[in-house]
Amino acid sequence: MKDRWLDDISNKMSEFEAGEPAGLWENIETGHQAHTSGWHGSSLLHSWRPWAAAAIVGASVGITAIIADFSADKTNSIPSSEEIAGIEIEIESQPETDLLLTDPRITAPLSDMRRMQPSPRLYLSDDRQRPDSVSILSDETEDNVGESSISNEEVVKNSDARSSSKKKKSTRTSSFRSRPREEFTIKDDSKFKIGAYTSGRWGGGDVNNGGGIDRDSYIASIPSSSEDASATKLKDAGKMRHSMPLKVGVTFGWQVIPHLTIGTGVCYSFLSSDFNNLYFDDHFYMRANQKLHYIGIPVQINYNFATWRMIQFYGTAGVFGEKLISGKVSGENRAEFTSFSVKEKELQWSVNAGLGAQLNVSEHFGFYLEPSVGYYFDNHSMVVNVYKERPINFVLTFGLRYSFGK
Amino acid sequence: MNTTVSELELMQLVERGDRNAHKMIYSKYIRLLTALCGRYLVDDEDVKDVLQDSFMKIFDSIENFNYKGEGSLRAWMSRIVVNQSLDFLQRQGRISFSPIDQLAEEVSDEPDTSEIPASVIYDLIKQLPDGYRAIFNLYVIEDKSHREIAQLLNIKESTSASQFHRAKNLLAQRIKEYLNNTTI
């Protein structure tokens, strides 16, 4: 119970007014306009972040395209089927009784070759003259000068006629570019992929280690029997520290064209934050903890650009929308512990891009590691979380993928 | 500027997005909040800076303020100014308390403040040391408990109680000196 003179002082001071500081309104007006127009210092700092996010996504896509194009050059060294047909060498086999040499690759002594009759003839399946074609001739061709005068057109016709008869063909490609090394052969041909993944904080790791962040105000909604469930109240938070978000999800992907997969899925995110000196309404909390639970749907594009042995390398980019489904702040006020719920009507959108490496342990299963960077757009809600304090996040995702379907 | 507009009308203007709403709110409460801030901070420039920060915060979040009746807006704004003032003092490291040997003597009887103008009491409060002044304001005028004050200032509850007792004695002594000087 206060003394009477203290009550008197309290009554007098509660209604006492002092002169307005000169120039204060102008300062407030200028500062508020700058803040809302984006020219405020912190707003300006935030305004470049969407552009940074777009640059990160564009750079990742560009790097992926360059790597894919570089890999494609090597694959072009594999002749197409048409090219192979164009330089196909058909070697007609003679009747077995006369066959002494059927494999042109067999190198026989000259004396043996003279005993061969007739000698294999060389036919071209088309009339293209390839100066670097392999030709197989025996010494006896000199004795067949007359026959060698057969025109190429007749050779073509003859080859067509012989193609319907019994014959053994021996073909070999004569690609004169080196075959690509297996390391750069793209082999992914599975139509569908399903996977599970996790990323973020497991057993520790804070976004802000030590010191915390000073935050001016925090507003959350409180469900109360006497108030509307969507009502909001203002609280002042002294310092905050946000833990790295923990994410767990499942994905489903569909390969629309070779090497390009579009995927979606469901992802659960858990965000935890600690406050010091949190004011809520008329209650003060020396320490408080906030736990937020989000559910979201990602849409992702993956492009496989290389394979080396059992490892596939790919680029990825996508967009992610999530919604707060449950939130709670638990506060300690000396010996009293109280809690209130947190609500957020707005969706939380983000974009991400990165590179990944998948180790295929079997035909269908593979483990993948995916470092990526994400940018979280400010949804202008009053919920304070790591998405707002650190819009740009570097994440390492680990997952398991099952590929199936042709 | 008309300062007799009710808080309900002001909130309705805010909801409608009236561009003058902020100025009307400022005009209605600036003198009250200046006096409140001045009880915590002695320097006029510090008062101006803290008030600017406070109003920026108020205007940034007023659209989400839950109006609960006449007086709730004022209480909300006052709370923000008090918090900003305390934050300022703590950042400046000015929440400190004098050693025992510098304390005022114990005042046996209560001073009579009924004839003392509010402006004089205001000035006498501003003359208290920073730490004493903060605790006195929080306990007597903001009606905080020693437990809450201890949490706000990161001190022990017993420290809040003892420092308030000393602040009260010091203020009582200065009120008596004022009364003695005015009667002479």
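I began with Asn154(B), which counts as partly exposed because it has 13 C-beta neighbours inside 10 Å. My cut-offs: a residue is buried with 20 or more other C-beta atoms within 10 Å of its own, exposed with 12 or fewer, and partly exposed in between, the C-beta atoms being placed from the backbone. Asn154(B) sits in the loop between α7 and α8 (157-183) of chain B. I noted its phi, near 55 degrees, a positive value in a residue other than glycine.

Before going on, a reminder to myself: this is a predicted model, where local features need pLDDT of at least 70 and side-chain atom pairs count only at pLDDT 80 or more, while totals for chains, interfaces and linings use all residues. Residues are numbered from 1 along each chain as its sequence is written, and chains are lettered from A and ligands numbered from 1 in the order in which they are written.

Next I looked at His259(A), whose phi is near 80 degrees, again positive in a residue other than glycine. His259(A) lies in the loop between β7 (246-257) and β8 (260-280) of chain A. Helices (H or I, at least four residues) and strands (E, at least two) are DSSP runs, numbered from the N terminus. Is His259(A) buried or exposed? His259(A) is buried, with 20 other C-beta atoms within 10 Å.

Then the helix pair. The axes of α6(B) and α7(B) come within 10 Å and cross at roughly 140 degrees. I count the pair as oblique, the class left after under 35 degrees (roughly parallel), over 145 (roughly antiparallel) and 65 to 115 (roughly perpendicular). Axes are lines fitted to C-alpha atoms, for helices over the stretch in contact, with angles from 0 to 180 degrees between N-to-C directions. The contact (C-beta atoms, placed from the backbone, within 7 Å) involves Ala134(B), Ile135(B), Leu138(B) and Tyr139(B) of α6(B), and Ile149(B), Leu152(B) and Leu153(B) of α7(B).

Last, the chain interface. I found 37 residues of chain B in contact with 37 residues of chain A. On the chain B side, α3(B) gives the most, with ten residues. That side divides into 19 nonpolar, ten polar and eight charged residues. For these classes, Ala, Val, Leu, Ile, Met, Phe, Trp, Tyr, Cys and Pro count as nonpolar, Asp, Glu, Lys and Arg as charged, and the others, Gly among them, as polar.

Methods. Contact = placed C-beta atoms within 7 Å.
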